[in-house]
Amino acid sequence: MTDADERRVNKALQGLEFPADKAELIRYAEDREADPRTLRALRALPEGTYQDGGEVERCVPQRPEEAPGR
């Protein structure tokens, strides 16, 4: 994930109360009208519960557009 991707993910999740699971992250970002690239990155996350935005950043694949099944 690039620095620009990290900024987009952080912006999309700003104000979200953690911990949050993958579905909550995506729903929150959709409600905030995140751009398609950000949503693609969040959808590429492994299933699980995330404790904070830093953990989300670390878990997004480097190339979410190439993640299997996305």
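A residue is called buried when its relative accessible area is under 20%. Threonine 38, with a relative accessible area of 2%, is therefore a buried residue in this predicted model. Threonine 38 belongs to helix H3. Leaving aside residues up to four places away in sequence, threonine 38 touches Arg8, Val9 and Ala12. With this residue as a starting point, the description moves to the chain as a whole.

The protein chain contains 4 helices and 2 strands, and from the N terminus on these elements follow the order α-β-α-α-β-α. Of the 70 residues in the chain, 33% are buried. Among contacts between residues at least 6 apart in sequence, 51% join residues at least 24 apart. The accessible surface comes to about 4,400 Å², and carbon and sulfur atoms account for 44% of that area.

In soluble globular proteins, nonpolar side chains tend to be buried together. Here the largest nonpolar core has 16 residues, and those with the most contacts inside it are Val9, Leu13, Leu25, Ala29, Leu42, Leu45 and Val56. Two or more residues of this core come from each of helix H1 (3-13), helix H2 (22-31) and helix H3 (36-43).

Helix H2 deserves a paragraph of its own. Its buried residues are Lys22, Leu25, Ile26 and Ala29. Viewed down the axis of H2, these residues fall within an arc of 95 degrees, so they line one face of the helix. The partners against which the buried residues of H2 pack are H1, strand E1 (20-21), H3, strand E2 (49-50) and helix H4 (53-59). The two ends of the helix also have features to report. At the start of H2, a side-chain oxygen of aspartate 21 comes to within 3.2 Å of the backbone nitrogen of alanine 23. Just after H2, glutamate 33 adopts a positive phi of about 60 degrees.

Attention now passes to charged side chains. Side chains of opposite charge can pair when their charged atoms come close. The model holds 2 salt bridges. In one of them, glutamate 47 and lysine 22 meet through their side chains, with an N to O distance of 3.6 Å. Glutamate 47 is in the loop between H3 and E2 while lysine 22 is in helix H2, so this pair ties together parts that are 25 residues apart in sequence. The surroundings of the two partners can be compared through their accessibility. Glutamate 47 counts as exposed because its relative accessibility of 68% is over 50%. Lysine 22, at 9% relative accessibility, counts as buried.

The side chains of glutamate 30 and arginine 43 also meet in a salt bridge, with an N to O distance of 2.8 Å. This pair links distant parts of the chain, glutamate 30 being in helix H2 and arginine 43 in helix H3, 13 residues apart. Glutamate 30 is partly exposed, at 38% relative accessibility. Arginine 43 is likewise partly exposed, with a relative accessible area of 37%.

The loop between H3 and E2 also holds proline 46. Proline 46 has a relative accessible area of 41% and is partly exposed. Not counting residues up to four places away in sequence, proline 46 touches Lys22 and Cys59. The C-alpha atoms of proline 46 and valine 60 are separated by 8.0 Å, and these two residues are 14 residues apart along the chain.

Finally, the backbone has two points that a computational reader may like to inspect. Most residues other than glycine have a negative phi, and most peptide bonds are trans. The peptide bond from phenylalanine 18 to proline 19 is cis, with omega near 5 degrees. Proline 19 is located in the loop between H1 and E1. Glutamate 33 is not a glycine, yet has a positive phi of about 60 degrees. Glutamate 33 sits in the loop between H2 and H3 and is exposed, with a relative accessible area of 70%.

Methods: Residues are numbered from 1 along each chain as its sequence is written. This is a predicted model: local features need pLDDT of at least 70, side-chain atom pairs count only at pLDDT 80 or more; totals for chains, interfaces and linings use all residues. Side-chain values use heavy atoms; hydrogens and water are left out. A nonpolar core is a set of buried Ala, Val, Leu, Ile, Met, Phe, Trp, Tyr and Cys residues joined through side-chain atoms within 4.5 Å. Buried means under 20% relative accessible area, exposed over 50%, partly exposed in between (1.4 Å probe, protein chains only). The arc is that of the directions from the helix axis to the C-beta atoms. Contact means heavy atoms within 4.5 Å. A polar contact is a pair of N or O atoms within 3.5 Å; within protein, one must be able to donate a hydrogen and the other to accept it, and residues adjacent in sequence count only if both atoms are side-chain atoms. A salt bridge is a side-chain nitrogen of Lys or Arg within 4 Å of a carboxyl oxygen of Asp or Glu. Accessible areas come from the Shrake-Rupley method with a 1.4 Å probe; for residues, only the protein chains shown count as cover.
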